[in-house]
Amino acid sequence: MAEQLNKMEKLVSLCKRRGFIFPSSEIYGGLSSCWDYGPLGVDMKRNIKNAWWHTIVQSRDDVVGIDTSILMHPRVWEASGHLSGFSDPLVECKKCNLRFRADELKEQKCTVCGSTLSEPRQFNLMFKTFMGPVEDAAAVVYMRPETAQGIFVNFENVLTSTRKKLPLGIAQQGKSFRNEITTGNLIFRSREFEQMELEFFVKPGTDMEWFDYWVNARLEWYKKLGIKSENLRLRPHPKEDLAHYARCCTDVEYRFPWNWGELEGIANRGDFDLKQHAKFSGKGLSYFDEDSKETTVPCVIEPSAGVDRSMLAFLADAYDEEQDKDEIRVVLRLHPIIAPIKVAVLPLSKKETLSPLAQQIYSDLRQTWATTYDDSQSIGRRYRRQDETGTPYCVTVDFQSLEDQAVTIRERDSMQQERIPIANLKAALAAKLAI
Ligand code: ATP
């Protein structure tokens with residue numbers, strides 16, 4: 001366990017040092033539980049979102065995308081139950097005023113000073129703000145705590161504009177906000193985060209079949225992108241823990257360095273959401289089946305994932321240290337799809353004779369892949385720098401290259417090197433990266 005926590009500290013330090021993740025507003029002392037993504041982090045995060053979008057939307061005929069606003073009509077949150085029910089039990093230390101989530105405490109005492117705690121009270125997790133110039137009750141709007149409601153309220157719009165039939169999925173990625181009582185473990189639980197959500201509408205009666213399908217599909221997605229099977233598990237929720245509207249729910253969990261934690265929840269929400277919005281808006285949200293000539297309210301299966309949590313899982317799973325001669329080599333064994341940079345071009349020396357050829361190769365490769373160029377310090381150090389940020393391939397240009405028009409490709413995980421004619425370089429990299 002201590003070793004795992006140590007790994008977490010090293011990962012946090014690497015994220016900061018190499019530009020994956022920075023604390024928000026750091027020069028002002030930071031803003032608790034908000035994070036900024038640096039130059040490598042933003043690309044890695046985008047790669048995760050693109051991989052999800054590709055699997056869930058682009059490669060399927062039965063799913064379309066949407067991008068809805070963060071601020072929505074306040075009635076949405078009445079209908080969804082968030083205004084009355086989206087809360088956690090909060091207790092406060094009577095001495096040092098620290099706040100805790102009552103359901104997360106092992107003992108009913110302040111974990112910092114040991115003093116007694118207040119009685120729990122329900123604390124709503126939605127952030128409030130005001131729309132327009134007047135700050136009164138009529139102007140209150142909420143920052144969405146999930147992206148899903150933007151999908152439900154557009155069900156009719158999407159159905160009529162796409163003329164699609166059931167089953168029909170609507171997918172969305174975007175920011176959500178929750179005024180979490182306890183945060184921590186880097187980007188695992190923050191107050192501003194990104195979600196990737198799919199609402200998959202199906203004919204009533206086929207919902208359990210589709211639920212099983214999506215649980216399996218989502219687990220496989222993480223495995224396909226390189227997360228080790230032994231660090232993933234499914235946790236079906238016991239009946240007594242289910243939200244009142246959910247028919248069943250299963251989490252995909254990852255073995256984070258501190259413990260197992262939820263990456264994604266897959267829920268069978270029945271017809272609750274469409275019926276609630278129909279009731280509150282007065283608009284009939286249903287589906288007319290051309291074949292059976294019946295009007296039904298579809299059931300919905302919701303795989304709901306966190307971008308930031310996935311990113312932390314990809315980083316933690318990829319982090320590795322190995323003995324290399326008399327040094328420790330730190331390597332991020334990221335899947336090439338997820339790695340922020342795919343290829344690094346490294347001229348063996350900074351000498352002017354080498355740089356034109358190296359620059360030419362660099363400008364050619366970057367048309368196709370996220371590529372970087374590094375000519376400072378020894379070649380060994382440059383390899384280490386690329387290993388640490390997960391770059392799968394380095395292309396080394398040396399003096400021999402000027403004569404034989406060939407370069408060396410060095411693979412991150414095995415460190416094996418292969419000489420390739422420059423004319424074949426792109427094809428060789430394409431085959432290796434296979435993306
Ligand atoms: P938890 O029990 O960990 O608070 P949850 O069950 O409330 O999570 P959901 O409402 O199911 O989470 O949200 C779907 C996904 O959104 C989660 O699986 C997680 O990946 C992500 N998520 C939720 N809350 C946060 C947060 N505060 N910070 C980062 N990601 C989050």
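Q: Which residues are exposed on the other side of H10?
A: In this predicted model, helix H10 covers residues 355-365. Its buried residues are Ala358, Ile361, Tyr362 and Leu365. On the other side of H10, the exposed residues are Pro356 and Ser363.

Q: Why do the buried residues of H10 line one face of the helix?
A: The buried residues of H10 are Ala358, Ile361, Tyr362 and Leu365. They line one face because, seen down the axis of H10, they fall within an arc of 100°.

Q: What distance separates the centres of domain 1 and domain 2?
A: The domain assignment gives domain 1 as 2-65 + 142-315 and domain 2 as 341-433. Taken over C-alpha atoms, the separation of the two centres is 37 Å.

Q: How many residues does E13 give to the shell around the ligand?
A: Strand E10 (192-202), strand E13 (260-268), strand E16 (299-306) and helix H9 (307-318) each supply at least two residues of this shell. E13 gives the most. Its number of residues is four.

Q: Of the residues around the ligand, which come nearest?
A: There are 16 residues around the ligand. By type they divide into three nonpolar, five polar and eight charged. Those that come nearest are Phe193, Gly265, Ser304, Gly306 and Arg309.

Q: Which residue in E6 is the bridge partner of aspartate 88?
A: Strand E4 spans residues 87-92 and strand E6 spans residues 121-124. The two pair in the antiparallel sense, over four bridges. The partner of aspartate 88 in E6 is phenylalanine 123.

Q: Which residue in the turn between E4 and E5 has a positive phi?
A: E4 and strand E5 (residues 99-101) run antiparallel and are joined by three bridges. Across this pairing, glutamate 92 stands opposite arginine 99 in E5. The two strands form a hairpin with six residues between them. In the turn, the residue with a positive phi, of about 65°, is asparagine 97.

Q: Is serine 33 buried or exposed?
A: Serine 33 lies in the loop between strand E1 (21-23) and strand E2 (35-37). Its phi is positive, about 65°, although it is not a glycine. A residue counts as buried if 20 or more other C-beta atoms lie within 10 Å of its own. Serine 33 has 21 other C-beta atoms within 10 Å, so it is buried.

Q: Is lysine 325 buried or exposed?
A: Lysine 325 is placed in the loop between strand E17 (319-324) and strand E18 (327-332). It is not a glycine, yet its phi is positive, about 55°. Lysine 325 has 6 C-beta neighbours inside 10 Å, so it counts as exposed.

Q: Which residues does arginine 329 touch, not counting residues up to four places away in sequence?
A: Arginine 329 lies in strand E18. With 15 other C-beta atoms within 10 Å, it is partly exposed. Tyrosine 383 is 54 residues from arginine 329 in sequence and 10.0 Å from it in space, C-alpha to C-alpha. The residues that arginine 329 touches are Glu321, Glu322, Asp324, Arg384 and Asp387.

Q: What separates the C-alpha atoms of aspartate 136 and lysine 283?
A: Aspartate 136 lies in the loop between strand E7 (128-130) and strand E8 (140-142). It counts as exposed, with 8 C-beta neighbours inside 10 Å. Along the chain, aspartate 136 and lysine 283 are 147 residues apart. Their C-alpha atoms are separated by 28 Å.

Q: What is the omega of the peptide bond from leucine 166 to proline 167?
A: Proline 167 is in the loop between helix H6 (155-162) and strand E9 (168-177). Most peptide bonds are trans. The bond from leucine 166 to proline 167 is cis, with omega near -5°.

Q: Buried residues make up what percentage of the protein chain?
A: The protein chain has 13 helices and 23 strands. Its C-alpha trace spans about 75 × 65 × 50 Å along its principal axes. Of its 435 residues, the buried share is 33%.

How values were computed. Residues are numbered from 1 along each chain as its sequence is written. This is a predicted model: local features need pLDDT of at least 70, side-chain atom pairs count only at pLDDT 80 or more; totals for chains, interfaces and linings use all residues. Domain bounds come from an automatic or database domain assignment. A residue is buried if 20 or more other C-beta atoms lie within 10 Å of its own, exposed if 12 or fewer, and partly exposed in between; C-beta atoms are placed from the backbone. The arc is that of the directions from the helix axis to the C-beta atoms. A residue is near a molecule or strand if its C-beta atom, placed from the backbone, lies within 6 Å of it. Ala, Val, Leu, Ile, Met, Phe, Trp, Tyr, Cys and Pro count as nonpolar, Asp, Glu, Lys and Arg as charged, and the others, Gly among them, as polar. Two strands pair if DSSP finds at least two bridges between them. Two residues are in contact if their C-beta atoms, placed from the backbone, lie within 7 Å.
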